[in-house]
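User: Could you take a close look at a single part of this model for me? I'd like one connected account of a residue and its surroundings.

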Amino acid sequence: MEGVRIKPTNPIKTVSIRPEQFLKENKVQQNGVMILDQKGATNSIGLLNYLLVLEPEDYGNVLENLRNHKGSLSLVAGLVMEELGFPKESKEYKAAKEISDIVEKEKSEAAYHSPDHTRDVALSVMRFARLETPPLEKKEMGILFLAGLGHDAKHPGGSNKFKEEFEKQSTTTIEAATKKLEEEDKRLIDKLILSTDFKENVPTTRKNYIEAMNAFEKRGSKVDKELQMKALLSDADLASSVAVSKKLTVRNSERLARETGIAAIKENKGMLGFVEAMGPVTTGARKSGHVSENKFIAVELRKEIEEQKGWIIT
């Protein structure tokens, strides 16, 4: 696997990182990523810090490379929770490990809605949340990550036949893990997962978030944290695997085609439709960079799909 070139902030100028480095616990210092700077000095940065400084194409490459590592969802879950400040003995850390194990055990056969999609969303919602304004507290970050891990725990592929069908199945599937949390936290995780129903709930969340942020920016009005978390999760769910980079967007389009059939891609425009219509709304997603170019990606993707893949988008 080739190293990934990134340019983080000083004092590290330019470094080369192999994504598998943070997948081997015995080679991770303080749950971080071992890196070598230009002077040959070894540094360790957290996994979330590492993902935060990656350029769009490199970030997409990391997500794609993680697909080659069995059990990476559980390992990533542990690394993220410790970096957020939840020790291994905490209820939150144990819940994260249990949820990820449940998702891996379920092993959805869906080409797109798989444990890989779960990992993409869980990591991306953290990437977004780290840049969100107003910022989230530690506990809120933990709950948001847990919701990201469990949001498609029982997704068989395709689309809901009725409101919150797969989302409710997912909350039930991870209940063995979430019931050990504080009741208030469990309820919030369930609400966040239910909010990811693309057709029924996401449009309302996005609309309400935009209105709330306008009030915050103009009058300093308080932003409801639950609404903020729902918007971040929907942005991650819709955009993390969609407008990460041109290469990954095309690959995920192909996966969605296998899951739903080419006819569905033609009718709904698949990932292209997401890229064109569902640009990010949260401040964190917009600041992250890899979704800010979604219009450019959409133009390039449309050309590639129509000319190279032979799909006619109407």
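Analyst: Happy to. Let's start with T205, which sits in helix α10 (residues 202-219); helices are DSSP runs of H or I with at least four residues, numbered from the N terminus. Please keep in mind that this is a predicted model, where local features need pLDDT of at least 70, side-chain atom pairs count only at pLDDT 80 or more, and totals for chains, interfaces and linings use all residues. Residues are numbered from 1 along each chain as its sequence is written, and side-chain values use heavy atoms, with hydrogens and water left out.

T205 has a relative accessible area of 7%, so this residue is buried (under 20% relative accessible area, with a 1.4 Å probe and protein chains only). Setting aside neighbours within four places in sequence, T205 is in contact with L227, K230 and A231, contact being heavy atoms within 4.5 Å.

Now to the nonpolar cores, which are sets of buried Ala, Val, Leu, Ile, Met, Phe, Trp, Tyr and Cys residues joined through side-chain atoms within 4.5 Å. The largest has 51 residues, and V80, L123, M126, L144 and L149 touch the most other members. Helix α3 (72-84) is among the elements giving two or more residues to this core, as is α11 (225-239). The largest share, eight residues, comes from α3. A second, separate core of seven residues includes Y209, L227, A231 and V281; L227 and A231 are also among the contacts of T205.

Terms used:
Buried < 20%, exposed > 50% of the residue type's maximum accessible area, 1.4 Å probe, protein only.
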